[in-house]
Amino acid sequence: MASHERWNALLEIIARDGRLEVDSAAQELDVSTATIRRDLDRLAQQQMVTRTRGGATANNVSYDLPLRYKTARHATEKDRIARAASALIRPGSVVGLNGGTTTTEVARALATRADLHAAGGEAALTVVTNALNIANELTVRQHVKIVVTGGVVRPQSYELTGPLGTLVLEQLTLDHLFLGVDAISASAGATAYNEGEASINQLMVARARQVIVVADNSKLGRHAFARICAIRQVDVLITDSGAEPGVVGEFTDAGVRVIRA
C-alpha cells in the first residue's frame with residue numbers, strides 16, 4: 001500500500017470511529033506500528049489529525065469519505081433533522097436536494113408524507129437533484145416529479161458535477177434548497193471537501209429562494225476545502241439537539257434561523 005493510500009485509510013478510520021489506536025490500525029492495514037506512527041506524524045504536521053498517546057483523533061477539518069461509510073454515522077440525529085426539514089415544505093413546492101446522507105434522509109421523509117400522497121394523480125412535489133441515489137429512490141414515488149441535473153458522476157457521493165449540470169439549473173428556480181454540507185461555520189460558511197461538488201452546489205444556492213442547510217452537530221463549527229456559500233446566503237440551519245449552544249449562538253448572531261431537532 002502506497003503512503004497516500006495509507007493516509008487516506010487512516011483518515012477514514014478516524015472519521016469512522018472518531019479516534020485511532022496505532023496497534024489496531026496497524027493490524028487493520030497490515031503494516032507495522034512504526035509505519036503507522038510515522039504516517040500519523042505526517043498527518044499531524046499537515047494539521048489533519050491531532051496526535052494522542054498511542055494514536056490520533058480528528059482535527060477541526062472534515063474528511064471526504066465515500067457515502068457508504070457515512071450512512072450509519074449519526075443516524076438517529078439525521079432522521080430527526082430530516083423530519084424537521086420535511087415539515088417545512090408545502091405541497092406544490094419545488095425542492096432542491098444535493099447529495100449526502102442527510103439530504104437522502106430528507107428525501108425519504110418527503111416521500112412518505114401522507115399529505116403529499118393525497119394530491120390525486122398529479123405530482124404534489126417537484127424535486128430537483130444532482131444525486132443519483134436520491135433520484136433512484138424517488139422515481140417510484142408517483143406523487144413526486146423528479147428533475148435530475150446533468151453532469152459527471154462522482155462515485156463517492158453519487159453526485160453529478162461539472163458544467164453539464166449548469167445547463168439545467170440555470171433554467172430553473174427552486175422554492176427551497178436542502179443543502180447537505182461537509183462542514184459549516186459562521187466564519188467560513190457552508191463548505192465541501194470536493195471542489196466539483198461545491199461548484200454545482202453554489203449554483204443550486206443561487207437558484208433557490210430559501211437555502212436550508214441540514215447538518216448534524218459533528219459538522220458545525222468546522223471547515224472543509226471548498227466554499228459552497230457564505231453564511232449570509234443560508235436562511236435556515238437544521239441540526240440536532242446535541243449542537244453546542246455556543247456554536248448555535250454564532251449562527252443566530254449571523255442571522256441564520258437555527259432549528260434543533
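A residue counts as buried when its relative accessible area is under 20%, as exposed when that value is over 50%, and as partly exposed in between. The views below come from a predicted model.

View 1. Val153 belongs to strand E7, and, leaving aside residues up to four places away in sequence, Val153 touches Leu132, Tyr158, Glu159 and Leu160.

**View 2. Thr149 in the loop between E6 and E7.** Thr149 sits in the loop that links strand E6 (144-148) to strand E7 (152-154). Is Thr149 buried or exposed? The relative accessible area of Thr149 is 3%, so this residue is buried. When residues up to four places away in sequence are not counted, Thr149 touches Val128, Thr129, Asn130, Leu160, Gly165, Val168 and Leu169.

View 3. Helix H3, made of the 13 residues 33-45, reaches 18 Å from its first C-alpha to its last, which is close to the 18 Å expected at 1.5 Å a residue. Its buried residues are Thr35, Ile36, Asp39, Leu40 and Leu43. These residues cover an arc of only 130° around the axis, and therefore they lie on the same side of H3. The spacing follows a general rule: an α-helix has 3.6 residues a turn, so residues three or four places apart point the same way. The buried residues of H3 pack against helix H1 (3-17), strand E1 (19-21), helix H2 (22-29), strand E2 (49-52) and strand E3 (55-58), whereas the face of H3 turned away from its buried side carries the exposed residues Arg38 and Gln45.

**View 4. Residues with a positive phi.** Most residues other than glycine have a negative phi, and this view shows residues that depart from that pattern. Asp30, although it is not a glycine, has a positive phi of about 60°. Asp30 is found in the loop between H2 and H3 and is exposed, with a relative accessible area of 69%. Following H3 comes Gln47, whose phi is also positive, near 60°. In Tyr158, likewise a residue other than glycine, phi is positive and near 65°. Tyr158 is placed in the loop between E7 and strand E8 (159-161), and its relative accessible area of 35% makes Tyr158 partly exposed.

**View 5. The open sheet of 7 strands.** In this open sheet the strands follow the order E6-E5-E4-E9-E12-E14-E15, and their pairing is parallel. E6 and strand E15 (257-260) stand at the edges with a single partner strand each, so one side of each is left without a neighbour in the sheet. Neighbouring strands of this sheet are turned by 20° against each other on average, when direction is ignored. Helix H10 lies across strand E4 (94-97), strand E5 (125-129), E9 and E12, and runs at about 145° to E9.

**View 6. Antiparallel pairing around strand E11.** Which strands pair with E11 in the antiparallel sense? Strand E10 (residues 183-185) is joined to E11 by 3 bridges in an antiparallel arrangement, and E11 and E13 also pair in the antiparallel sense, over 3 bridges. E10 and E11 form a hairpin with 3 residues between them, in which Ile184 stands opposite Ala190 of E11. On the E13 side, Thr191 has Arg227 as its bridge partner.

**View 7. The largest nonpolar core.** This core has 31 residues, of which Leu179, Ile228 and Phe251 touch the most other members. Two or more residues each come from strand E9 (174-180), strand E11 (189-192), helix H10 (195-206), strand E12 (208-214), strand E13 (226-229) and helix H11 (245-253). The largest share, 5 residues, comes from H10. Apart from this core lies another, of 26 residues, among them Ala85, Ala109, Leu110 and Ala124. In general, nonpolar side chains of soluble globular proteins tend to be buried together.

Methods. Residues are numbered from 1 along each chain as its sequence is written. This is a predicted model: local features need pLDDT of at least 70, side-chain atom pairs count only at pLDDT 80 or more; totals for chains, interfaces and linings use all residues. Side-chain values use heavy atoms; hydrogens and water are left out. Helices (H or I, at least four residues) and strands (E, at least two) are DSSP runs, numbered from the N terminus. Buried means under 20% relative accessible area, exposed over 50%, partly exposed in between (1.4 Å probe, protein chains only). Contact means heavy atoms within 4.5 Å. The expected span of a helix is 1.5 Å times one less than its number of residues. The arc is that of the directions from the helix axis to the C-beta atoms. A nonpolar core is a set of buried Ala, Val, Leu, Ile, Met, Phe, Trp, Tyr and Cys residues joined through side-chain atoms within 4.5 Å. Two strands pair if DSSP finds at least two bridges between them. Axes are lines fitted to C-alpha atoms, for helices over the stretch in contact, and angles run from 0 to 180 degrees between N-to-C directions.
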